[in-house]
Amino acid sequence: SFVKLVRRDYKKYVQGKKCGMTAAREAELQALGFVFEGGKTPERKVTQPKSWEERYQDLIRYKEQNGDTIVPQNSGRLGQWVHAQRVHYKKFKKGEQSQMTAEKALKLSEIGFCFDAAERFRGSRISTMQRPLETAEEVQVQIPDVPPALGGSFY
């Protein structure tokens with residue numbers, strides 16, 4: 001590819017070997033933002049991952065702007081987080097190890113979180129998790145197959 005050839009020439013140029021790279025060409029490519037060393041992103045900002053509560057607040061803002069909690073999975077960190085909540089919730093329902101808790105499920109439900117986005121788009125039946133739940137007991141009633149490991153309830 002073009003990028004690969006330019007990078008190879010640049011490497012030779014830096015080493016003082018004969019190649020097609022010139023100082024003028026290097027300057028033009030730098031002005032365009034060309035990255036000469038593959039795999040390295042210049043000025044990459046390393047940030048701490050957001051807490052569950054911070055992502056939850058992001059989701060509330062998303063809902064205020066878009067009217068729902070169906071965040072596309074490919075729409076960045078929030079989309080990945082929303083997908084992860086659905087995965088953790090399914091594991092939690094099955095009694096498998098999960099980061100989901102009854103408290104988190106209740107908080108998500110209170111803002112109208114759609115725990116099964118595919119079901120919403122299929123339209124085959126209305127999800128019971130589309131409306132806010134009142135209490136943890138209601139969460140238990142709304143969610144079938146409560147894991148025996150939890151004694152048949154969330155608490």
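These are my notebook entries on what I looked up in the structure above.

**Ground rules**

I am working with a predicted model, where local features need pLDDT of at least 70 and side-chain atom pairs count only at pLDDT 80 or more, while totals for chains, interfaces and linings use all residues. Residues are numbered from 1 along each chain as its sequence is written, and side-chain values use heavy atoms, with hydrogens and water left out.

**Entry 1: the overall fold**

I began with the secondary structure and found 7 helices and 0 strands. My note on the terms: helices (H or I, at least four residues) and strands (E, at least two) are DSSP runs, numbered from the N terminus. Going along the sequence, I wrote down the pattern α-α-α-α-α-α-α.

Next I looked up burial. Of the 155 residues in the protein, 33% are buried. Here buried means under 20% relative accessible area, exposed means over 50%, and partly exposed is in between (1.4 Å probe, protein chains only).

**Entry 2: leucine 29**

I picked leucine 29, which sits in helix H2 (residues 23-31). Is leucine 29 buried or exposed? Leucine 29 counts as buried because its relative accessibility is 10%. I also checked its distance to valine 6: the two C-alpha atoms are separated by 9.5 Å, with the residues 23 apart along the chain.

**Entry 3: salt bridges**

How many salt bridges does a search of the whole structure find? I got 4. To count, a side-chain nitrogen of Lys or Arg must lie within 4 Å of a carboxyl oxygen of Asp or Glu.

I looked at glutamate 53 and lysine 107 first, whose side chains form a salt bridge at 2.7 Å, N to O. This pair links distant parts of the chain, as glutamate 53 is in helix H3 (residues 52-66) and lysine 107 is in helix H5 (residues 102-110), 54 residues apart. Glutamate 53 is partly exposed at 34% relative accessible area, and lysine 107 is partly exposed too, at 27%.

Then I turned to aspartate 58, which is buried because its relative accessibility is 12%. Its side chain meets that of lysine 50 in a salt bridge (2.8 Å, N to O). Lysine 50 is partly exposed at 41%.

Aspartate 58 also has a salt bridge with arginine 61, at 2.3 Å, N to O. These two are 3 residues apart in helix H3, so about one helical turn separates them. I noted arginine 61 as partly exposed, with 42% relative accessible area. Through shared partners, salt bridges join Lys50, Arg55, Asp58 and Arg61 into one network.

**Entry 4: a positive patch**

Which residues gather in a patch of positive charge on the surface? I listed Lys4, Arg8, Lys11, Lys12 and Lys17. Members of a patch have over 30% relative accessible area and no salt bridge, and like charges are joined within 9 Å. Lys and Arg count as positive, and the charge is placed at NZ of Lys or CZ of Arg.

I took lysine 12 as my example; its place is in helix H1 (residues 2-15). Lysine 12 is partly exposed because its relative accessible area is 32%.

**Entry 5: cysteines**

Last, I searched for disulfides, meaning pairs of cysteine sulfur atoms within 2.5 Å, and the structure holds 0. I still looked up two cysteines. Cysteine 19 is partly exposed at 25% relative accessible area, whereas cysteine 114 is buried at 1%.

Note on methods
Patches are made of residues with over 30% relative accessible area and no salt bridge: like charges are joined within 9 Å, nonpolar side chains (Val, Leu, Ile, Met, Phe, Trp, Tyr) within 5 Å. Accessible areas come from the Shrake-Rupley method with a 1.4 Å probe; for residues, only the protein chains shown count as cover.
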